[in-house]
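Here's a quick briefing to read alongside the model.

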Amino acid sequence: MTLDVVARRAGVSLATASRALNGTTRVREDLRRRVRAAADLLGYIPNAHAQALASASNNTVGLICHDVGDPYFAAIADGVMRAAAEQDLLVMLASTFREPAREIAYVSTLRAQRARAILLIGSGFQDRAWERALAAELEPYVRAGGRVAVVSRHRSLRVDAVLPENRAGAAALAGALLALGHREFAVLSGPPELTTVTDRLAGFREGLAQAGITLGPDRVVRGAFTREGGHTAARELLARSTRPTCVFAVTDVMAVGALAAFREAGVRVPRDISLAGFDDIPLVRELTPPLTTVALPLTAMGQEVIALALREPRGPRSRMLRVGGEVVLRASTAPPSTPLTGRTS
């Protein structure tokens, strides 16, 4: 029996069910009664060991990411775990699979276990209800002595943060692609509610604007923040009547999917279309052709975020560590040949 089943039986979200049973924050009394009644009916028993841990802080650090199967998160998690091992700390790793409610439920569980620190290494969601629910979990945890640090921008959280310079990095990439001679661009973008997507897209637009180029809405194709999302978005782009000479995928993982879609359609990279990504995950150096990207020091970012979380605060103000990105030009980009028009599939 799982908490998810209890939540469905009670007709509440997973996060509400978790809070109701953990007793870690206020939940409406009628909802709490419904959750408890469902748990009793279904014979759900909360993890007894976890409840025992609630009596004292421990040497566990909770690390919550969107998807540990994504090399971006795996590289940051590697940095966290290496730094934690040096201090004999145990890291509990959780993937939300990009479900915002699951992130809140995990935070609630880590609060109940009195984890020494909670690290959120995924992009924040631009959703007021989600932001309020997350703050409701984290604020009492911090007041009780817990430590929280995040990677990427979370617009409403007042916690320590490692902030990759997504906007500036995307602007610099746009400048480098313009210097190659490109003037016709398209972007494979992720879900607009993610702050990382917003910042990278805005930065790329700003970089193009420096050369007087406007990126129209028809030149932005949205997809999931995954390889499959990049593949689908690239196919949609190819089906349109006009084709750019250069494509920017807002993450390397999406670019990997786009490269496969281009290859399947007989579109040569970079001869027909140049392709660039963002992050510099390890595998992009091994692609054919190797991918142009904006390199972030992912493992170091993981080491920095846990260091921030464990360092004694100097005052009430949150600490921000900004991390710059470096444009790395590889063989997936080249000066444009004659622009192509028309459909290929």
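**A glutamate, a pocket and some cavities**

Glu-131 sits in helix α7, residues 128-143 (helices, H or I of at least four residues, and strands, E of at least two, are DSSP runs numbered from the N terminus). A heads-up: this is a predicted model, where local features need pLDDT of at least 70 and side-chain atom pairs count only at pLDDT 80 or more, while totals for chains, interfaces and linings use all residues. Residues are numbered from 1 along each chain as its sequence is written, and side-chain values use heavy atoms, with hydrogens and water left out.

**Around Glu-131**

- Glu-131 is buried, at 4% relative accessible area (buried means under 20%, exposed over 50%, partly exposed in between, with a 1.4 Å probe and protein chains only).
- Its side chain makes a polar contact with the side chain of Arg-128, at 3.3 Å (a pair of N or O atoms within 3.5 Å; within protein, one must be able to donate a hydrogen and the other to accept it, and residues adjacent in sequence count only if both atoms are side-chain atoms).
- Leaving aside residues up to four places away in sequence, Glu-131 touches Phe-125, Gln-126, Arg-155 and Ser-156 (contact means heavy atoms within 4.5 Å).

**The second largest pocket**

- The second largest pocket holds about 420 Å³ of space (on a 1 Å grid over the protein atoms alone, a pocket is an open set of points with protein on both sides within 12 Å along at least five of seven lines, a cavity is a set where a 1.4 Å probe fits but cannot get out, and lining residues have an atom within 4 Å of a point; points are joined across faces, edges and corners, and a volume is the space filled by probe spheres set on them).
- Of its 22 lining residues, Val-142, Arg-158, Val-159, Asp-160 and Ser-318 are the closest to the centre.
- Helix α7 turns up again here, giving the most to this lining with 4 residues.

- The elements giving two or more residues to its lining are α5 (71-86) and α9 (195-209).

**Cysteines**

- The disulfide count is 0, going by cysteine sulfur atoms within 2.5 Å.
- Cys-65 is buried at 0% relative accessible area, and Cys-246 also counts as buried, at 0%.
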